[in-house]
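The following note comments on a structure for a colleague's review. Its points run from the overall form to individual packing details and then to the contact between chains.

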Amino acid sequence: MTQPIIEISNLERRFQLPRESLFRPASTVYALNGINLTVEPQRSFGIVGESGCGKSTLARIIMGLDKPSSGTVKVKGKDITAISPAELREMRSDFQMVFQDPFGSLNPRHHVERIVAEPLYAVGDAIGKQERKEKVAEALTSVGLRPTDMEKYPHEFSGGQRQRVAIARALITRPSLIVADEPVSALDVSVQAQVLNLLRDLEDQFGITFVFISHNLAVVDYACQDAAVIYLGRIVEQGPTSQLFNNPLHPYTQSLVDAVPHVGVKNRRAARQAPTALKTQTAAQTGCTFAGRCSFAKERCRTQQPTLRVVDGGHSVACHFFEETRSERASMQTAVAV
Amino acid sequence: MLQVKNLNITLAGATRDISIVKDVSFELDAGRSLGVVGESGSGKSMTALAVMGLLPGAIRASGSINLAGQELLSLSEQEMCSVRGNKVAMIFQEPMTSLNPVQTIGRQVAEPLTLHKGMTRAAARQEAIRLLDRVGIPDAARRLDVYPHQLSGGQRQRVMIAIALSCSPKVLVADEPTTALDVTVQRQILDLLRELVSETRMALIIISHDLGVIGEMVDEMLVMYGGNVVERGQADKIFSQPAHPYTSRLLEAIPRFGMSRSERLKTIPGTMPEIGSEMKSCIFAGRCDLVCAECLQAPPPFVSVDDAHVAACIKAGRVMETAQ
């Protein structure tokens, strides 16, 4: 058995809210609550959820940019929450990050050579100027830009090209893991397709594993082999994308899949009433976090927190009654088809 | 109801005029919806702003925009003020920035009512409650006195819709109404817009880069590329059988559920020509794989491929065949 590239167990991240009253204790937000997940090498992993569900906090914790309140995060077998900043810095060459906004994540005053080479300085590689230039040229070529582009400034590039520069910057240290937080959300459809194809090529060519965070389910389905759906800081469903999105078991995943607008399904009424807006979870409440929005919720859902149960083939779901929701969904779909 | 004919939008430059939108024409009847699709820089938002009479200073529109017999382009700014928000209304992409953060939402919803309908403040307040209730804000009477920051993104967009609806406009322009929202919230807003169209018989123009949103919402659509309309027709026909290579390519570039691991997304090589570049050829020629000598000589005319379905491509028939 190969060693997993990321192993997260019982991860919690709490944020203390400012006190609202002198006489009441300050309340706490659980951004992440009991997250367990494993990312296998060369199986890119998608993290899906709505805004405020904690997916970006999770990315920051995996990158060591934020500390968990409790739990462990192992990257390639090393617990990054327990190591010193110096050690973390050394490890950084092996895992890199690509951010959402290609306009905000590149320094406008630096030319591309300096931007792309920055991680090399940061991890303290003592290499000569010539070698550095070669490495930058190589990284730029592998993302489909020209080596001569290194003399340009970010404003000379289009949005898609900028995202390529950001990817080249992540590639230059030859990482085995890249955490990409909404890497294509800011891009146009035709450019998005180019960048998604590029990510897949890099996966095949360099054996990089991506942790891909997105709110776009179809993009995650395309880019990743496995995925987890997060709702209010908890994983509600997890498994291979082929099963997760074709056969969603958790009512929340089902409502997400149903809510995606599709070309050519005109005037379709939502098969299921889309649930009301997300609320932040301010206390470790009892029962299922989704119970308040779930049309299947029963007494047990409000009192007992469901745990992730394996269904089949690595597909697991945190719902007491997934068998029932599944059969009801199946009958609803046949009704729609008729 | 709304008739746009040969709309040209130009930016007056120091040496020459830069053309941003070229020769856009469409018609829209009451109770119908039109989608405008295109990537950034295609001129779709400019077209919407022209209908609203909100083009920025140095940018001029020519041609004709006729709303129920009234020629909007010939109106003075003062006259336009009595049309805007009254007969045509708009909702914007960012519900965070398009509401005034220092006024209560009640005041913002009531403003067009006192302004255009001459209602008293008390009457406008009552009407505001009804509107907020209609767009699905729970406990509307109490919510009148809250400020935008106290509402979620979806609720802010509902407030925007309430403001736009306040004077029962004939035409509602929605520029990327759900782009900033989560999928489940997006679903609610789209459902709401659809209900409102069938209830009030207003005409709806939706601008979006999301082909899924357009595909579900509209009767007819325009596909824009580099400031030109490249295809126009009934939405379901365009989606099932695109006649312009750009539309066809764009549809293939969207990831779909259940694509196999070995499948790759089709991409469109190259980039959109810059705004204002004078093209003697077809604007898509540089990125098109069907390009021939004729495409490079002159911009293609609109070819009618079906009832009210036109595409600016001399090979439209062939594109449709391959799309099947």
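1. For 338 residues, a compact globule would have a radius of gyration near 20 Å, and the 22 Å of chain A agrees with this; the radius is taken over C-alpha atoms, and the rule is 2.2 Å times the number of residues to the power 0.38. The model is predicted: local features need pLDDT of at least 70, side-chain atom pairs count only at pLDDT 80 or more, and totals for chains, interfaces and linings use all residues. Residues are numbered from 1 along each chain as its sequence is written, and chains are lettered from A and ligands numbered from 1 in the order in which they are written.

2. Along the principal axes, the C-alpha atoms of chain A fill a box of roughly 70 × 55 × 45 Å. Buried residues (20 or more other C-beta atoms within 10 Å of their own, with C-beta atoms placed from the backbone) make up 43% of the 338 in chain A.

3. Chain A has eleven helices and twelve strands, which are DSSP runs numbered from the N terminus (helices H or I, at least four residues; strands E, at least two).

4. Eight strands of chain A form an open sheet with mixed pairing, in the order S6-S7-S8-S3-S9-S10-S12-S11; pairing requires at least two DSSP bridges between two strands. S6 (95-98) and S11 (309-312) of chain A are the edge strands, each with a single partner, so one side of each has no neighbour in the sheet.

5. Within this sheet, S7 (residues 177-181) and S8 (residues 209-214) of chain A run parallel and are joined by five bridges. Val179(A) has Val211(A) as its bridge partner in S8(A).

6. Helix H3 (residues 112-122) and helix H5 (residues 159-171) of chain A pack at about 35 degrees, their axes 6 Å apart; axes are lines fitted to C-alpha atoms, for helices over the stretch in contact, and angles run from 0 to 180 degrees between N-to-C directions. Val112(A), Ile115(A), Val116(A), Glu118(A) and Pro119(A) of H3(A) make the contact with Val165(A), Ala168(A) and Arg169(A) of H5(A), where contact requires C-beta atoms, placed from the backbone, within 7 Å. H5(A) also lies across S6 and S7 of chain A, at about 170 degrees to S6(A).

7. Between the chains, 39 residues from chain B and 32 residues from chain A take part in the contact. H7(B) gives the largest share of the chain B side, eight residues.

Conventions: Two residues are in contact if their C-beta atoms, placed from the backbone, lie within 7 Å. A residue is buried if 20 or more other C-beta atoms lie within 10 Å of its own, exposed if 12 or fewer, and partly exposed in between; C-beta atoms are placed from the backbone.
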